[in-house]
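The sequence and structure are shown first.

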Amino acid sequence: MHIYNTLTRRKEPFTPLEAGKVSMYVCGMTVYDYCHLGHARVMVAFDVITRYLRERGYDVNYVRNITDIDDKILKRADENGESITALTERMIDAMHEDEARLFVLPPSHEPRATGHIDDIVAMIETLIEKGFAYAADNGDVYYRVRKFADYGKLNNRQLDDMRAGSRVDVDVHKEDPLDFVLWKAAKPGEAHWASPWGNGRPGWHIECSAMSTCCLGDTFDIHGGGPDLTFPHHENEIAQSEAATGKTYVNTWMHAGAVRVNQEKMSKSLGNFFTIRDVLAEHDPEVVRFLLVASHYRSPINYSVDSLTEARKSLTRLYTALEGIELGDADANGDASGDASAYRERFTQVMDDDFNTPEALAVMFELAREVNRAKQEQPNEAARLAGELKQLGSVLGLLQQVPQTFLKGTQQQGMPLSESEIEAKIAQRIEAKTNKDFAQADAIRDELAALGIILKDSREGTSWVFEAP
């Protein structure tokens, strides 16, 4: 298995610290608002990575944190007139609902920043003792960036090329404009915790250093996150953690690609900002997941009505292959035939190459075509192949619904006719064909097709699927 390492900017053989086990930390959400499409991208990307590592036999300890104390949280709670706890608990519940609808499995552990204050304070004390941090006269504690010789290595940046600006807070209490805050002194009325430097709360960057090392140790296998976190957040994590422990913090850094909306950056100011809830109110969750899986995790994704339509059509092709097959003893847990094993081998080969989901889906589409060919002449072989297709789909978090449920579009809002109305039209068409009124039968078929309802005639009768026009 090879994984692209952001730190070295190349694919590298993956060898975990402990044979058969993988330790992975992914930066989670700051829970002041509902999760958006960018969050969905990271959720699904690392869900697929976790599923595949487990499929390959690894015992994966997947830690994804929750930031439940932050300037944005304080501001939003004040605006809403609710307590910080009420806000964060409500948003955490909503986040869990969103990820469940996207078929995202929960992480092994989900530490919260407020549950690790003692660990955070202890790490800051260590950094001060080693000369990597200092307490300012305003009650804040800052990290000495220039003290850490390797600062900038994740992003290939030189210190002298960095300037105080939009990504660097300029503060008269800092020794250097590049220094960043580890502990913030509390303002009157703000939530706070006691510390050797007075009442306050942790800075964002130190939270992840403390939580990750507490859960996974001083060095662990994989650290992941969104594309906007490489600088300054992950750069600062490296500086803090390696200065505190004297050890390599992470062996492999992974970052998911950005989400663009109609080829533009997703932004509230552009009016193209969508929460996961906004999207799932209009589109089938599995179609949204397919869209997110269909691009390589490092590649940007373009979210648009057209891309969702194509995702639904593609997913429909896979479910159509499974439709009408009784898997029985040939389900995913059974022994695969030789042909099925060949598809699994190719699937594994491309997923071992930095989790190449587009190529993995290409293998699945080939397998689906083989299932369709076997349906008529080799039903037992078709069942074995279909079982393998469903199993490969499960590795990507796909194809776990009953095919007919998906194909009838029962989760698709905006279907123009009810199921009973569609069945009545089909009955009228059957009657017309019985009466040899083929023009009327064709007219009913075309009428339904114009609404996105596609009829399929077979020896067993007429079935239908809904494809949004």
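The protein chain has an accessible surface of about 21200 Å², and carbon and sulfur atoms account for 47% of it; accessible areas come from the Shrake-Rupley method with a 1.4 Å probe, and for residues only the protein chains shown count as cover. The model is predicted, so local features need pLDDT of at least 70 and side-chain atom pairs count only at pLDDT 80 or more, whereas totals for chains, interfaces and linings use all residues. Residues are numbered from 1 along each chain as its sequence is written, and side-chain values use heavy atoms, with hydrogens and water left out.

The C-alpha trace spans about 95 × 50 × 35 Å along its principal axes. The protein chain contains 15 helices and 15 strands, which are DSSP runs numbered from the N terminus (helices: H or I, at least four residues; strands: E, at least two). Of its 469 residues, 51% count as buried, that is, under 20% relative accessible area, with exposed meaning over 50% and partly exposed in between (1.4 Å probe, protein chains only). Among contacts (heavy atoms within 4.5 Å) between residues at least 6 apart in sequence, 74% join residues at least 24 apart.

Helix 8 (residues 285-294) packs against helix 9 (residues 305-322) at an angle of about 100°, and their axes are 9 Å apart. Axes are lines fitted to C-alpha atoms, for helices over the stretch in contact, and angles run from 0 to 180 degrees between N-to-C directions. Helix 8 is therefore roughly perpendicular to helix 9, a term for angles of 65 to 115 degrees. Residues making this contact include Val288 and Phe290 of helix 8 and Leu308 and Leu315 of helix 9.

| Residue | Relative accessibility | Side-chain polar contact |
|---|---|---|
| Asp119 | 31%, partly exposed | His116, 2.9 Å |
| Glu381 | 11%, buried | Arg384, 2.9 Å |

Asp119 lies in helix 4 (residues 117-129). Not counting residues up to four places away in sequence, Asp119 touches Ala210 and Cys214. The C-alpha atoms of Asp119 and Thr213 are separated by 9.5 Å, although these residues are 94 residues apart along the chain. Glu381 is placed in helix 12 (residues 379-395).

Key: Polar contact = N/O pair within 3.5 Å; in protein donor to acceptor, adjacent residues only side chain to side chain. Parallel < 35°, antiparallel > 145°, perpendicular 65-115°, else oblique.
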